[in-house]
Amino acid sequence: WKPYGVTSVTSGDLLVCLGKDDQNKVVRYSSTGTVLQEIQYDSQCQPLYKDAKYITENVNGDIIVTDWEKKAVIAVDRLGIFRYSYSEKDSQFKPSSVATDSVGHVIVTEFPRNKIHMLDRDGRFLRYIIPEGGINKPRAVCILGDGEMMVGECLTGIAKRIKYLEE
């Protein structure tokens, strides 16, 4: 198994996206490295993920992953039960990184199309975040607080501080 995305969560646990051959899963590790949970299949025993890359945990405990092959954002609840999948109607959607804020917004960068998507805590599209001066190949994203985020542009090497919410 090869690790891809990793995040620490409020409980002190680590969530890691792991891939091997054509299998993908999310594993929750304790702070001592003990495996606490593995999330790989839905209720019909079908794989939840095809190419899980980036991961975060929402304020309500949902585990949210970007899947490059499915071209979707996939959320499961804290027990690993499927909650929702977000993708755009066209097949061009390619989610990259994902982060969540203190009120539950899900922020998704879309590398090839220079977009930042803002979803609500239930995976419903709210709006695009378009910073002044635009964004060029956004990849990494993290929430700073106070309605601000940092977004790394993959090809330029620039990190931009973006105000996305008015307090």
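**Working notes**

A: Asp62 lies in the loop between strand 5 (52-57) and strand 6 (63-67); strands are DSSP runs of E, at least two residues, numbered from the N terminus. This is a predicted model, where local features need pLDDT of at least 70 and side-chain atom pairs 80 or more, while totals for chains, interfaces and linings use all residues. Residues are numbered from 1 along each chain as its sequence is written, and side-chain values use heavy atoms, without hydrogens and water.

Q: Is Asp62 buried or exposed?
A: Asp62 is buried, with a relative accessible area of 2%. Buried means under 20%, exposed over 50%, and partly exposed in between, with a 1.4 Å probe and protein chains only.

Q: Which side chains make a polar contact with the side chain of Asp62?
A: The side chain of Arg83 does, at 2.3 Å, and that of Asn60, at 3.3 Å. A polar contact is a pair of N or O atoms within 3.5 Å; within protein, one must be able to donate a hydrogen and the other to accept it, and residues adjacent in sequence count only if both atoms are side-chain atoms.

Q: And what is Asp62 in contact with, leaving aside neighbours within four places in sequence?
A: Thr56, Glu57, Val76, Asp77, Arg83 and Arg121. Contact means heavy atoms within 4.5 Å.

Q: New topic: what is the strand order in the open sheet of 4 strands?
A: The order is 1-2-3-4, with antiparallel pairing. Two strands pair if DSSP finds at least two bridges between them. Strand 1 (2-8) and strand 4 (35-39) are the edge strands, each pairing on one side only.

Q: How many bridges join strand 3 and strand 4?
A: Strand 3 (residues 23-29) pairs with strand 4 over 4 bridges, in the antiparallel sense. Tyr29 has Val35 in strand 4 as its bridge partner.

Q: On to rings. How many aromatic pairs are there?
A: The structure holds 3. Rings of Phe, Tyr and Trp (its six-membered ring) pair if their centres lie within 6.5 Å; planes under 30 degrees apart are stacked, over 60 edge-to-face, the rest tilted. One of the pairs is Tyr54 with Trp68, tilted, at 6.3 Å centre to centre and 40° between the planes. Tyr54 is in strand 5 and Trp68 in the loop between strand 6 and strand 7 (72-76), 14 residues apart.

Q: Why is the pair of Tyr86 and Phe93 edge-to-face?
A: Because their planes are at 85°; the ring centres are 5.4 Å apart. Both residues, Tyr86 and Phe93, are buried.
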